[in-house]
Amino acid sequence: MSLQLTIEYPDTFPDALGRTREQFEQEAKWAMAVKLYELKRLSSGMAAALLGCDRVTFLLKLADYDVPMIDLTEEELRSDVANA
């Protein structure tokens, strides 16, 4: 079963951003998925499923939003290296 989210926005938004309606809506969907991933609310696989793309495509596109693929602190990295 799928659910649907409807978001109201002024009809001037796409033109103001130099986008078609479809481009604007796709960009908004990507922005939502990326932000939820960044906040650790969705895994990369879940975000990719939300967007209807594969996980690798999602991960590679994170750079467009200045969001790192892997978000580990320096301490976490040291711990991982020490335990390897």
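I began with R21, which counts as exposed at 53% relative accessibility. The cut-off for exposed is over 50%, so R21 passes it with its 53%. I note here that the model is predicted.

**Entry 1. Partners of R21**

I looked for a partner of R21 and found E25. The two form a salt bridge, with the closest N and O atoms 3.1 Å apart. Both residues lie in helix α2, four residues apart, or about one turn of the helix. E25 counts as partly exposed, at 34% relative accessibility.

**Entry 2. Other salt bridges**

How many salt bridges does a search of the whole structure find? It finds four.

K35 is partly exposed at 42% relative accessibility, and E38 is partly exposed at 35%.

The other pair is E27 with R19, whose side chains meet at 2.8 Å, N to O. E27 has a relative accessible area of 38% and is partly exposed. R19 is partly exposed as well, at 36%. Side chains of opposite charge can pair when their charged atoms come close.

**Entry 3. The helix itself**

I then took α2 as a whole. It covers residues 21-38. The helix has 18 residues and spans 26 Å from its first C-alpha to its last. That is close to the 26 Å expected at 1.5 Å a residue.

I looked past the end of the helix too. K40 follows α2, and its phi is positive, near 65°.

**Entry 4. The buried side of the listing**

Which residues of α2 are buried? I listed F24, W30, A33, V34 and Y37.

Is L51 buried or exposed? It is buried, with a relative accessible area of 10%. The cut-off for buried is under 20%.

I listed the contacts of L51, not counting residues up to four places away in sequence. L51 touches K29, W30, A33 and F58. Two of these names, W30 and A33, were already in my list of buried α2 residues.

I also took a distance from L51 to I7. They are 44 residues apart in sequence and 16 Å apart in space, C-alpha to C-alpha.

**Entry 5. The largest pocket**

Rolling a probe the size of a water molecule over the atoms shows where empty space is left. The largest pocket holds about 600 Å³ of space. It is lined by 14 residues, and those closest to its centre are L5, T6, I7, K29 and M32. K29 was also among the contacts of L51.

Where does the largest share of the lining come from? Helix α2 supplies it, with seven residues. I sorted the lining by residue type: eight are nonpolar, three polar and three charged.

Note on methods:
Residues are numbered from 1 along each chain as its sequence is written. This is a predicted model: local features need pLDDT of at least 70, side-chain atom pairs count only at pLDDT 80 or more; totals for chains, interfaces and linings use all residues. Side-chain values use heavy atoms; hydrogens and water are left out. On a 1 Å grid over the protein atoms alone, a cavity is a set of points where a 1.4 Å probe fits but cannot get out, and a pocket is an open set with protein on both sides within 12 Å along at least five of seven lines; lining residues have an atom within 4 Å of a point. Grid points are joined across faces, edges and corners, and a volume is the space filled by probe spheres set on the points. Helices (H or I, at least four residues) and strands (E, at least two) are DSSP runs, numbered from the N terminus. Ala, Val, Leu, Ile, Met, Phe, Trp, Tyr, Cys and Pro count as nonpolar, Asp, Glu, Lys and Arg as charged, and the others, Gly among them, as polar. The expected span of a helix is 1.5 Å times one less than its number of residues. Buried means under 20% relative accessible area, exposed over 50%, partly exposed in between (1.4 Å probe, protein chains only). Contact means heavy atoms within 4.5 Å.
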